[in-house]
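Please keep the sequence and the coordinates at hand while reading the points below.

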Amino acid sequence: MKAAPWVERLGYAILVVAGLVAPFVVYPVFAMNVLCFALFASAFNLLLGYTGLLSFGHAAYLGAAGYVTGYACKAWGWPPLFGIALGTLVATALGYIIGSLAIRRSGIYFAMITMSFAQLIFFLAVQFPWTGGEDGLQGVPRGTLFGLVDLSRNLPLYYFVYAVFLFGFAVIHRTIHSPFGHVLRSIRENEARALSLGYDVARYKLLAFVLSAALSGLAGATKSLVFQLASLTDVHWHMSGQVVLMTLLGGMGTVLGPSVGALLVVALQNELASLGSWVPVITGAIFVVCVLAFRRGIVGEVQALVKRSF
Amino acid sequence: MPDDAILVTEKLTKEFHGFVAVSGVDLKVRRGTIHALIGPNGAGKTTVFNLLTRFLPCTKGRILFNGQDITGERPAQIARRGVVRSFQVSAVFPRMTVLENVRVALQRKLGTSFHFWKSEKSLAQLDPRALELLDEVDLRAHANTIAVELPYGRKRSLEVATTLALEPELLLLDEPTQGMGHEDVGRVTALIEKVAEKRTVLMVEHNLSVVAHLSDVITVLARGTVLAEGPYQEVSKNPAVLEAYIGAAE
């Protein structure tokens with residue numbers, strides 16, 4: 001059962017307002033970090049939660065877009081919007097190439113292919129002269145928006161990032177609730193049946209993959225401006241694993257789950273930063289508890305609870 | 001009437017790494033009939049279905065649908081030609097509502113299935129037709145139920161409604177009554193009869209009373225080859241068939 005439309009709208013309105021006041025309540029850079037990861041996880045969820053494809057190489061799109069945007073803004077002096085557009089475009093193209101090859105297989109083989117390509121991107125990032133190797137691409141200028149708004153200050157940048165997030169989230173929300181989204185769900189539910197209804201399953205999967213890669217790229221491109229940095233962390237396979245964690249923790253196949261998961265994981269990493277190398281142990285333990293005790297993720301469990309009590 | 005064959009296979013053969021699952025099968029399904037494919041376990045019935053719908057590529061042989069060679073086509077293309085299959089295990093989309101299950105089959109004709117920017121409200125125009133189809137299989141009252149919550153027999157009905165949404169010329173039913181109780185078998189048999197009034201049906205079925213009741217022609221497969229073909233009375237007295245069935249059981 002779906003909640004009544006007005007309940008849903010009210011819920012979203014509250015969240016939008018919360019996003020508007022967030023930088024006055026928490027440190028703006030933290031909030032921006034959460035938004036970037038929330039967009040990344042939501043894009044990933046389009047593939048895992050709504051198409052049923054587990055990619056284990058989504059760091060490639062996040063990271064590659066970050067490097068390209070960072071380089072365009074730093075070396076060529078591009079304004080931030082163009083830089084982000086180029087980064088997103090590159091991630092889209094990468095998604096098309098890797099996706100075309102990966103969707104020929106399913107299950108674990110699909111995951112392995114996506115992961116191998118992501119490793120390939122990782123090694124390119126280490127080897128290319130323009131990426132800065134181990135140091136990464138540092139001192140990326142944030143620039144000015146339309147030549148008017150100075151993004152080097154945190155508050156205007158926050159609202160810029162927030163706008164990017166809302167745009168990306170709206171695209172995902174619409175995609176899920178579109179004719180295309182319905183076909184995706186049917187593929188997730190029963191691929192052979194969708195095929196026997198005359199849908200060229202591979203082409204639908206590919207479009208979902210490309211959209212997911214593009215929006216992951218948008219998240220990565222934006223993130224590189226926030227931190228003024230594109231580094232190997234973002235293309236490392238740990239990152240591909242982290243986005244799986246965020247999505248499962250928050251609730252895969254739910255609209256808001258990945259964002260909740262991203263908030264939780266980023267907040268934990270921040271709070272626990274003083275514990276150093278214990279952080280992955282703790283997030284790992286949380287992951288185990290999540291998988292054992294509440295498989296539907298936080299949002300999924302809440303939805304089930306609401307459904308049962310009404 | 002040699003030309004009213006809707007589906008013809010010529011020397012259809014499938015080998016799996018040297019194991020011959022289907023060997024030189026010549027089938028001719030006449031338009032407007034219910035044609036049953038029977039045979040003991042492992043006779044290759046489901047493999048034939050998979051070959052016909054291109055879920056598996058065949059090793060040798062040809063498949064003609066309405067006189068056109070469809071041997072090399074992709075599964076989705078074959079489905080769009082009007083050859084639509086059901087599956088051994090009931091194939092619904094479990095976590096979608098009954099209405100959505102049927103609607104997703106109707107949706108392709110709108111030509112907006114790749115439009116990820118369009119609202120799902122644009123699908124509402126299909127609801128009347130979807131409800132009509134649900135009426136046909138007696139499921140209208142369950143339109144908003146999540147498919148997974150339907151009892152087994154009803155899932156089969158839903159599958160039939162979804163298949164009918166495509167307005168297929170040829171229905172391939174893979175064991176439509178498998179795993180069902182008496183009541184459900186009766187309902188599904190009646191449903192098949194009703195559906196077949198305007199269409200051709202090729203089905204794999206284990207339940208011989210269903211086969212005897214429904215089918216015009218029966219093809220008996222054993223070890224991947226055609227053992228006998230004809231109406232039930234004839235086939236059921238064929239000594240080779242009796243041996244394959246009863247001899248193998250003993």
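The numbered points below take up the cores, the sheets, selected helices and a few individual residues.

1. The coordinates are those of a predicted model.

2. The largest nonpolar core contains 139 residues, and the members that touch the most others are Val102(B), Leu134(B), Leu158(B) and Met203(B). The element that gives the most to this core is helix α2 of chain A, residues 28–51, which supplies 18 residues.

3. Chain B has an open sheet of 6 strands with mixed pairing, and their order is β6-β7-β8-β3-β9-β10. Its edges are β6 (83–85) and β10 (225–230) of chain B; each has a single partner strand, so one side of each is left without a neighbour in the sheet. From one strand to the next, the twist averages 20°.

4. Strand β7(B), residues 170–174, is paired with β8(B) in the parallel sense over 5 bridges, and Leu170(B) has Thr200(B) in β8(B) as its bridge partner. Strands β3(B) and β8(B) also run parallel and are joined by 4 bridges; here Ile34(B) stands opposite Val201(B). On β3(B), residues 34–38, there is a further parallel pairing of 4 bridges with β9(B), residues 217–222, in which His35(B) is the partner of Val217(B).

5. Is strand β8(B) mostly covered or mostly uncovered? It is mostly covered: 5 of the 5 residues in this strand, 200–204, are buried. Thr200(B), Leu202(B) and Val204(B) point one way, while Val201(B) and Met203(B) point the other way, and all are buried. Met203(B) deserves a separate look. Leaving aside neighbours within four places in sequence, Met203(B) is in contact with residues including Ile34(B), Leu37(B), Phe49(B), Leu173(B), Ile192(B) and Leu214(B).

6. A further open sheet of chain B is formed by 4 strands in the order β2-β1-β4-β5, with antiparallel pairing. The edge strands are β2 (19–30) and β5 (68–69) of chain B; each has a single partner strand, so one side of each is left without a neighbour in the sheet. Helix α1(B), residues 45–52, packs on this sheet and touches β1, β2 and β4 (60–65) of chain B, and its direction makes about 115° with that of β1(B). Strand β1(B), residues 5–16, is joined to β2(B) by 8 bridges, and one of the paired residues is Ala5(B), whose partner in β2(B) is Arg30(B).

7. His17(B) lies in the loop between β1 and β2 of chain B and has a phi near 45°, a positive value in a residue other than glycine. Asn66(B), in the loop between β4 and β5 of chain B, likewise has a positive phi, of about 50°, although it is not a glycine. For context, most residues other than glycine have a negative phi. His17(B) is exposed, with a relative accessible area of 87%, whereas Asn66(B) counts as partly exposed at 32%.

8. Which elements surround helix α7 of chain A? The buried residues of α7(A) pack against α2, α6 (154–176), α8 (191–196) and α9 (201–226) of chain A, together with α3 (98–106) of chain B. Helix α7(A), residues 179–189, is mostly covered, with 11 of its 11 residues buried; among them are Phe180(A), His182(A), Arg185(A), Arg188(A) and Glu189(A).

9. Helices α10(A), residues 237–250, and α11(A), residues 257–271, have axes that come within 7 Å and cross at roughly 120°. That makes α10(A) oblique to α11(A), and the crossing is right-handed. Residues that meet there include Leu245(A), Met246(A) and Leu249(A) in α10(A) and Ala262(A), Val265(A) and Gln269(A) in α11(A).

10. Finally, Tyr152(B) is in helix α5(B), residues 152–164, and is partly exposed, with a relative accessible area of 31%. The C-alpha atoms of Tyr152(B) and Gly179(B) are separated by 8.6 Å, although these residues are 27 residues apart along the chain. Not counting residues up to four places away in sequence, Tyr152(B) touches Gln88(B), Ser90(B), Gln178(B), Gly179(B) and Met180(B).

Notes:
Residues numbered from 1 in each chain as written. Chains lettered and ligands numbered in written order. Predicted model: local features only at pLDDT ≥ 70, side-chain atom pairs only at ≥ 80, totals over all residues. Heavy atoms only, no water. Core = buried A, V, L, I, M, F, W, Y, C linked by side-chain atoms within 4.5 Å. Buried < 20%, exposed > 50% of the residue type's maximum accessible area, 1.4 Å probe, protein only. Helix = DSSP H or I, 4+ residues; strand = E, 2+ residues; numbered from the N terminus. Contact = heavy atoms within 4.5 Å. Pairing = 2+ DSSP bridges. Axes fitted to C-alpha atoms, helices over the stretch in contact; angles between N-to-C directions. Parallel < 35°, antiparallel > 145°, perpendicular 65-115°, else oblique. Left-handed = near helix turned anticlockwise from the far one by under 90°.
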